[in-house]
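Let us walk through this structure step by step.

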Amino acid sequence: MQVSSMQQYINNKVFRAISEVAGQINRPTYAIGGFVRDIFLGRVSTDIDIVVQGSGIELAQLVAKKLGVKRVNVFKRFGTAQLKVGDWEVEFVGARKESYSSDSRKPIVEDGTIEDDQRRRDFTMNALGISLHPHTLGQLIDPFNGVDDISNRIIRTPLDPNQTFSDDPLRMMRAIRFATQLRFDIEANTYRALSVNKERLKIISVERITDELNKIILSKKPSIGFMLLEETGLLEQFFPEFVALKGVDKVKKHNHKDNFYHTLQVLDNVAEKSDDLWLRWAAVLHDIAKPVTKKYVKGQGWTFHAHEFVGKKMVPGIFRKLKLPLNEKMRYVQKLVQLHLRPIILSSDDVTDSAVRRLLFDAGDHIDDLMILCEADITSKNDAKVKRYLANFKLVRKKLIEIEEKDAVRNFQPPISGEIIMQVFGIAPSKPVGSIKDSIKEAILDGKISNDFHEAYDLMLQLGNAQGLKPQKSKEFILNQANLQVSSDSSNKE
Ligand code: CTP
């Protein structure tokens, strides 16, 4: 891309206003960072960073006035100011020269030139500037050949990488995140410095690390990032449980698959089907308990008994440590980890209605996500096996639809509540109430009765009778009292 052609990217009212003000106060001013990089990547960014040799806050205020923007967010402590213009977020900062102490991310900041400012940035591709001063409008400032690196698809630090990473260790995560998102290579020296400086990651807050990890997980092929994180030793710093999946043990001829690479394959498979961060997290964690449940059993080989239950229990600890939310998102991940073997077990047996009904009941609204995870979990190299599993899954999916249409157990509400049981038999809350309710649920899930009020009512009477309970109220009374308009063939489907 020619330098002269940069003008077209800054030919709009916001850049024009910045340029006019930069001319009036006669300060070198540049668009810099991700916005400029994204022009060369053919992407449109709405986050604009402006660097001025002078006060960023003063420039922001003058530009806001010119554009008629009322609100300027000023961060005095950082010497930055931010404006919102339409869906653009424009951040202004004075050019800085920074030096860092070894035990903190907080730099000692002095005023500097645009070159000083570019030197302190993370990667050559992020250190590009476009001049906005009227005298040099549109001129590209590329002191580290960032444009070449972009066209060669290379991530490289502007300075010695040990310095750039030591100054701000979060950049190590960013290097791998960009490599994953953009499918760029990390230049050899820069790559080596990741291992050398891996322990510096400890001074970075977990939230920021997890933020980058989530961006890797949300990439098109997340395995790229996880492999780089593992190879460089960065993953071990914040997610050792995942690293523990790596490796193969062998006893005589028996070995097991490497669960690290298997999990990454599952994650990539899920990523092809869904953009949902939490479904992708379920893929990351589905086998997380394999290392702790691994056992060699003579005559049987390697077993990972109950790893789905142990894995479910490990999820909160991992979420807490990584500062992921401890809410329904976490419970969703737990549920999928716990249930991830169910459809596959189901499809290896005869697919009975009752097993499908139970799966629907347990998975509820997450059944479709669970099926995506389970299909993604088939990573066997044996084609015949894969074909057989996938064919069986097709059958399971078909049955899931049929049974849900018939029995509506996906969001199962028992047709007979504990309240009704207590009223009919004139008893207080007690064990028999729970056991009758439970037996009715089991009978429905087993397909012994339909998910229907009348059938459930008859079963309740039988179960009560077996426990020596006599009905004190008629069915009509219960129906009237609950004001239920139940026609003779209705069920709680409606
Ligand atoms: N930057 C840096 N070191 C960091 C973070 C940011 O040097 N740890 C610089 C880079 O020049 C970067 C710019 O600040 O381009 C803006 O950072 P940010 O908005 O966080 O990222 P972008 O590069 O714009 O990319 P993305 O939006 O994908 O995070």
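Start with α7, which gives the most to the shell around the ligand, with four residues. Helices here are DSSP runs (H or I, at least four residues), and strands are runs too (E, at least two), numbered from the N terminus. The model is predicted, so local features need pLDDT of at least 70 and side-chain atom pairs count only at pLDDT 80 or more, while totals for chains, interfaces and linings use all residues. Residues are numbered from 1 along each chain as its sequence is written, and side-chain values use heavy atoms, with hydrogens and water left out.

The ligand is surrounded by 13 residues. The closest are Arg-37, Arg-121, Asp-122, Asp-168 and Arg-177. By class, the shell has nine charged, three polar and one nonpolar residue. Ala, Val, Leu, Ile, Met, Phe, Trp, Tyr, Cys and Pro count as nonpolar; Asp, Glu, Lys and Arg count as charged; the others, Gly among them, count as polar.

Now look at single atoms. A polar side-chain atom of Arg-177 lies 2.8 Å from an oxygen atom of the ligand. For Arg-121, an N or O atom in the side chain is 2.9 Å from a ligand oxygen. At Gly-34 it is a polar backbone atom, 3.2 Å from an oxygen atom of the ligand. A polar contact is a pair of N or O atoms within 3.5 Å. Taken alone, the ligand exposes 560 Å², and the protein buries 73% of that. These areas come from the Shrake-Rupley method with a 1.4 Å probe. Two elements give two or more residues to the shell: α2 (34–40) and α7 (170–182).

Next come the helix pairs. Two packed helices are described by the angle between their axes and the distance between the axes. Helix α20 (residues 367–376) packs with helix α21 (residues 383–407) at about 175 degrees, their axes 11 Å apart. The two are therefore roughly antiparallel, a term for angles over 145 degrees. Contact means heavy atoms within 4.5 Å. From α20, the contact includes Ile-367 and Met-371; from α21, it includes Leu-390 and Phe-393. This contact has eight nonpolar, no polar and two charged residues.

Helix α19 (residues 353–363) and helix α23 (residues 431–445) pack at about 125 degrees, with axes 8 Å apart. They are therefore oblique to each other. Ser-354, Arg-357, Arg-358 and Phe-361 in α19 meet Lys-441, Glu-442, Ile-444 and Leu-445 in α23. Here the residues divide into three nonpolar, one polar and four charged.

Technical notes:
Axes are lines fitted to C-alpha atoms, for helices over the stretch in contact, and angles run from 0 to 180 degrees between N-to-C directions. Angles under 35 degrees count as roughly parallel, over 145 as roughly antiparallel, 65 to 115 as roughly perpendicular and the rest as oblique. A residue is near a molecule or strand if one of its heavy atoms lies within 4 Å of it. A polar contact is a pair of N or O atoms within 3.5 Å; within protein, one must be able to donate a hydrogen and the other to accept it, and residues adjacent in sequence count only if both atoms are side-chain atoms.
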